[in-house]
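These are my notes from going through one model, item by item. I looked up helices, pockets, a metal site and some single residues.

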Amino acid sequence: MTVALSIVIPIYNEAAIVRSALVDLIDQTRRHCDTFEVIIAANGCVDGSVRLVQELQSRTPELRLLEVGEANYGRALREGLLAATGTWVICEEIDLCDSDFHVEALSVLRAGQAQFVIGSKRMTGAADERPLVRQVATQVMSGLLRLSLGFDGTDTHGLKAFSREAVLPVVRACQVERDLFASELVIRAQRAGIAMREIPVRVLEKRPPSVHLFRRVPRVLRDLGRLVRVLGPRA
Ligand SMILES: Nc1nc2c(ncn2[C@@H]2O[C@H](COP(=O)(O)OP(=O)(O)O)[C@@H](O)[C@H]2O)c(=O)[nH]1
Ligand SMILES: [Mg+2]
């Protein structure tokens, strides 16, 4: 079966919000899209999230569940994207589920104004309502990506929407997992000459992040080194 839209969401221990977030998302998406699928890419969950998704799945035909190995955000997202069948694909996060972004990004894609749309937390018009320390972390990360890889934009992490046909080869080419998979995807797409467009988003998380920011830093820096090695410093 193929659908117009695939929404891919990696999840890790989200039992507190997964059910209500998905019920809302599916309800909202039915209003603006005739045929769609929501792919949940779970790995390493030990809190009953998977059981909650399975329960919902039994009465929600649009919902698909993938379970992929140990906890690894990038690997889960990659597997979800490879399993997607939609003409258009959206990368979501369970604590965001921003249907306004979906509608706006799909209209940009359908009008042929871009093949890859990024929801930016940092560009003019965006509203980042996360704690200050996380806003600064996003700013530092984007700065590092600009300096080390020539990234031309304001944000790589978070909401994205694209044409599956145009971007699938880029997904397949990505080598770095965990958090920096999303950055590799955006920078590779840019370097491949795919028409990119950033649109501003309002970010208000439904809960604090599942992994503490400071525990992520050493791993992110290691993966950044790896990303520079696999991509080469600049296009
Ligand atoms: N499958 C999977 N999903 C994850 C993992 N870590 C985070 N996520 C999911 O990725 C999304 C964003 O995670 P979050 O903790 O809010 O981090 P943030 O992106 O920095 O805000 C949520 O849907 C999480 O459940 C992981 O190790 N595996
Ligand atoms: Mg979050």
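**Helix α7**

I listed the buried residues of α7 and got Phe181, Ala182, Ser183, Glu184, Leu185, Val186, Ile187, Arg188 and Ala189. The model is a predicted one, and I read every entry below with that in mind. Helix α7 runs over residues 181-191, and nine of its eleven residues are buried, so the rest of the structure largely encloses it. The buried list includes Glu184 and Arg188.

**Helix α1**

I took α1, residues 18-32, for its length next. It has 15 residues and reaches 21 Å from first C-alpha to last, close to the 21 Å expected at 1.5 Å a residue. Which residues of α1 are buried? I noted Val18, Ala21, Leu22, Leu25, Ile26 and Thr29. These residues span an arc of only 125° around the axis, which places them on the same side of α1. The general rule behind such a pattern is that an α-helix has 3.6 residues a turn, so residues three or four places apart point the same way.

**Metal site**

I looked up what holds the magnesium ion (ligand 2). Its coordinating atoms come from Asp95 (OD) and Glu205 (OE), at 2.2 Å. Asp95 sits in the loop between β4 (88-91) and α4 (99-110), and Glu205 in the loop between β9 (202-203) and α8, so the pair ties together parts that are 110 residues apart in sequence. Are these two residues, Asp95 and Glu205, buried or exposed? Both are buried, and the cut-off for that is under 20% relative accessible area.

**Largest pocket**

I recorded a volume of about 670 Å³ for the largest pocket. It is lined by 35 residues, and those closest to its centre are Tyr73, Asp179, Ser210, Val211 and Arg216. Two or more lining residues come from each of β1 (5-11), α3 (73-83) and α8 (213-231). I sorted the lining by class and found 15 charged, 14 nonpolar and six polar residues.

**Second largest pocket**

For the second largest pocket I noted about 490 Å³. Its lining has 23 residues, with Ala137, Thr138, Met141, Leu213 and Val220 the closest to the centre. The elements that give two or more residues to this lining are α5 (132-149) and α8. Which element gives the largest share of the lining of the second largest pocket? That is α5, with ten residues. By class, this lining has 13 nonpolar, five polar and five charged residues.

I followed α5 up with one of its residues, Leu145. Leu145 is buried, at a relative accessible area of 0%.

I went through backbone angles next. Most residues other than glycine have a negative phi. Asn13 has a positive phi, near 45°. It lies in the loop between β1 and α1 and counts as partly exposed, at 25% relative accessibility. Arg178 is not a glycine either, and its phi is positive at about 50°. Arg178 is in the loop between α6 (164-173) and α7; its relative accessible area is 28%, which makes it partly exposed.

Tyr12 is partly exposed, with a relative accessible area of 31%. The C-alpha atoms of Tyr12 and Val203 are separated by 19 Å, and the two residues are 191 apart along the chain.

Last, I checked Ala114, in the loop between α4 and β5 (116-120). At 4% relative accessibility it counts as buried. How far apart are the C-alpha atoms of Ala114 and Ile194? I noted 8.0 Å, for residues that are 80 apart along the chain.

Conventions: Residues are numbered from 1 along each chain as its sequence is written. Chains are lettered from A and ligands numbered from 1 in the order in which they are written. This is a predicted model: local features need pLDDT of at least 70, side-chain atom pairs count only at pLDDT 80 or more; totals for chains, interfaces and linings use all residues. Side-chain values use heavy atoms; hydrogens and water are left out. On a 1 Å grid over the protein atoms alone, a cavity is a set of points where a 1.4 Å probe fits but cannot get out, and a pocket is an open set with protein on both sides within 12 Å along at least five of seven lines; lining residues have an atom within 4 Å of a point. Grid points are joined across faces, edges and corners, and a volume is the space filled by probe spheres set on the points. Helices (H or I, at least four residues) and strands (E, at least two) are DSSP runs, numbered from the N terminus. Ala, Val, Leu, Ile, Met, Phe, Trp, Tyr, Cys and Pro count as nonpolar, Asp, Glu, Lys and Arg as charged, and the others, Gly among them, as polar. Donors are N, O and S atoms within 2.8 Å of the metal (3.2 Å for Na, K and Ca); water is not among the atoms, so sites may look incomplete. Buried means under 20% relative accessible area, exposed over 50%, partly exposed in between (1.4 Å probe, protein chains only). The expected span of a helix is 1.5 Å times one less than its number of residues. The arc is that of the directions from the helix axis to the C-beta atoms.
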